[in-house]
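Hello,

Here is the structure I promised to hand over. Please open it first, then read my notes below.

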Amino acid sequence: MTPADSVTPADSVTSAHSVSTAESPVPAGDATPWAIHTHRLTKLFGKQRVVDAIDLNVPQGAVYGFLGPNGSGKTTTIRMLLGLIRPTGGSATVLGQSVGHGDARILGRVGALVEGPAFHPYLSGHDNLVRIDAADLNADPATCRSRVDAALERVGLSAAARKRYRAYSLGMRQRLGIAAALLQPRDLLVLDEPTNGLDPQGTREVRALLSDLNADGVSILVSSHLLSEVEQICSHVGMMRTGELVSQGPLAEVRSSARPRITVLTGDPAGAETVLTEHRVHDVSPTDGGVTGLLEEDLEPEALVAALVHAGVGVRGFELARPSLEDLFIAQTGEGFDVSG
Ligand SMILES: Nc1ncnc2c1ncn2[C@@H]1O[C@H](COP(=O)(O)OP(=O)(O)OP(=O)(O)O)[C@@H](O)[C@H]1O
Ligand SMILES: [Mg+2]
């Protein structure tokens with residue numbers, strides 16, 4: 001199943017308001033189309049509302065990019081989804097099963113990578129996986145070796161399999177964490193910042209790996225504070241800001257809800273800025289060789305070029321770009337993405 005096949009009618013872009021008030025779109029008793037579904041899931045640490053009544057909808061078959069700046073509540077949400085911490089309020093289902101009811105069959109179908117997996121520093125990567133596999137009651141000990149070798153191969157760690165974990169680089173540790181999540185065939189992978197610490201080549205490899213797994217029918221929730229990194233592989237995105245889910249839905253719909261970005265290359269940036277601002281171009285700012293801003297939806301780019309020329313602003317170049325998720329985040333929250341919660 002491709003991600004596109006899995007999009008359901010209920011699956012549209014939601015604003016912060018509708019996210020926090022929407023009722024479950026899945027009637028009770030129905031076979032759920034959701035790999036993950038939460039209803040007003042909330043976590044307080046002391047008085048701090050770290051996750052604030054979020055309704056997360058991850059369709060089966062999706063690669064869902066769970067995005068947000070540092071401290072916005074991604075890891076806390078993931079820990080609740082995996083039953084590692086208890087929610088203060090709200091509820092969550094994973095593969096149709098309520099979280100917290102400890103169904104081992106469901107847990108066996110979910111592979112997870114969360115911050116700081118507990119590996120033994122003096123054992124090799126290979127032996128660490130053997131230990132983890134041995135602790136899995138659903139795993140047949142007779143086939144342990146082949147499972148471990150296949151998982152190491154899949155994440156590109158075969159050559160370093162016999163090296164001690166403490167001698168692994170951060171990127172190698174991340175890969176081993178992903179390998180541990182892949183010891184069993186999974187229906188759902190929940191990966192918290194899987195590319196953290198990886199070099200560009202490693203990041204590309206993880207992206208390709210996730211795409212392959214998804215093509216095999218695995219639903220994936222992958223968190224990141226780097227928007228551009230996951231934008232390339234996600235079918236769906238959800239954006240967190242200080243504990244709130246400010247937007248979620250299919251990537252194309254989320255993108256189309258944002259204004260396109262225009263860039264004018266000119267020797268007269270001040271003149272261009274004046275004209276753009278007069279024509280309701282938002283967030284106008286200087287860029288290398290000109291100015292850039294976000295176009296109002298009903299404004300024709302041709303009309304803007306004509307207005308610039310009419311005002312005597314020399315135009316060397318004019319670009320109209322699809323808005324990035326970062327543009328969308330800024331448009332929705334009025335803040336840069338790299339804010340700290
Ligand atoms: N055990 C805890 N006790 C108290 N506060 C916590 C605890 N865990 C997390 N927090 C706070 O909750 C907020 C959200 O943290 P969380 O780790 O969920 O963010 P995140 O989105 O995963 O960030 P990052 O991108 O840096 O991984 C932060 O302000 C953090 O300090
Ligand atoms: Mg985190």
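Ala270 and Glu278 are exposed, on one side of helix α10 (exposed: 12 or fewer other C-beta atoms within 10 Å of the residue's own; buried: 20 or more; partly exposed: in between; C-beta atoms are placed from the backbone). This is a predicted model, in which local features need pLDDT of at least 70 and side-chain atom pairs pLDDT 80 or more, while totals for chains, interfaces and linings use all residues. Residues are numbered from 1 along each chain as its sequence is written, with chains lettered from A and ligands numbered from 1 in the order written.

α10 spans residues 269-278, and its buried residues are Ala272, Glu273, Val275 and Leu276. These four sit on the same side of α10, because their arc around the axis is only 170 degrees (the arc is that of the directions from the helix axis to the C-beta atoms). Helices (H or I, at least four residues) and strands (E, at least two) are DSSP runs, numbered from the N terminus.

What do the buried residues of α10 pack against? They pack against β13, β14 (282-287), β15 and α11 (301-310) (contact: C-beta atoms, placed from the backbone, within 7 Å). The helix lies across β13, β14 and β15, and runs at about 20 degrees to β15 (axes are lines fitted to C-alpha atoms, for helices over the stretch in contact; angles run from 0 to 180 degrees between N-to-C directions). Arg280 follows α10 and has a positive phi, near 60 degrees.

Take Ala272, which lies in α10. Ala272 is buried because 26 other C-beta atoms lie within 10 Å. Leaving out residues up to four places away in sequence, Ala272 touches Val264, Thr266, Gly290, Val291, Leu308 and Val313. Val313 is 41 residues from Ala272 in sequence, yet the two are 6.2 Å apart in space, C-alpha to C-alpha.

**The sheet**

There is an open sheet of four strands, in the order β14-β15-β13-β16, with antiparallel pairing (strands pair if DSSP finds at least two bridges between them). β14 and β16 are the edge strands, each with a single partner, so one side of each has no neighbour in the sheet. On average, neighbouring strands of this sheet are turned by 15 degrees against each other, direction ignored.

β13 (residues 261-265) pairs with β15 (residues 290-294) over five antiparallel bridges. β13 also pairs with β16 (residues 317-321), again antiparallel and over five bridges. Look at Leu265: it stands opposite Gly290 in β15, and its bridge partner in β16 is Gly317. Arg261 has Ala321 as its bridge partner in β16.

**Ligand 1**

How many residues surround ligand 1? The count is 12, and the closest are Phe45, Asn70, Lys74, Thr75 and Thr76 (cut-off: C-beta atom, placed from the backbone, within 6 Å). The shell has two nonpolar, nine polar and one charged residues (nonpolar: Ala, Val, Leu, Ile, Met, Phe, Trp, Tyr, Cys and Pro; charged: Asp, Glu, Lys and Arg; polar: the others, Gly among them). Helix α2 (residues 74-81) gives the most to this shell, with three residues.

**Helix α4**

In α4 (residues 125-134), Gly125, His126, Asn128, Leu129, Ile132 and Asp133 are buried. They are on the same side of α4, because they cover an arc of only 160 degrees around the axis. The buried residues of α4 pack against α5 (144-154) and α6 (170-181).

Best regards

Notes
Two residues are in contact if their C-beta atoms, placed from the backbone, lie within 7 Å.
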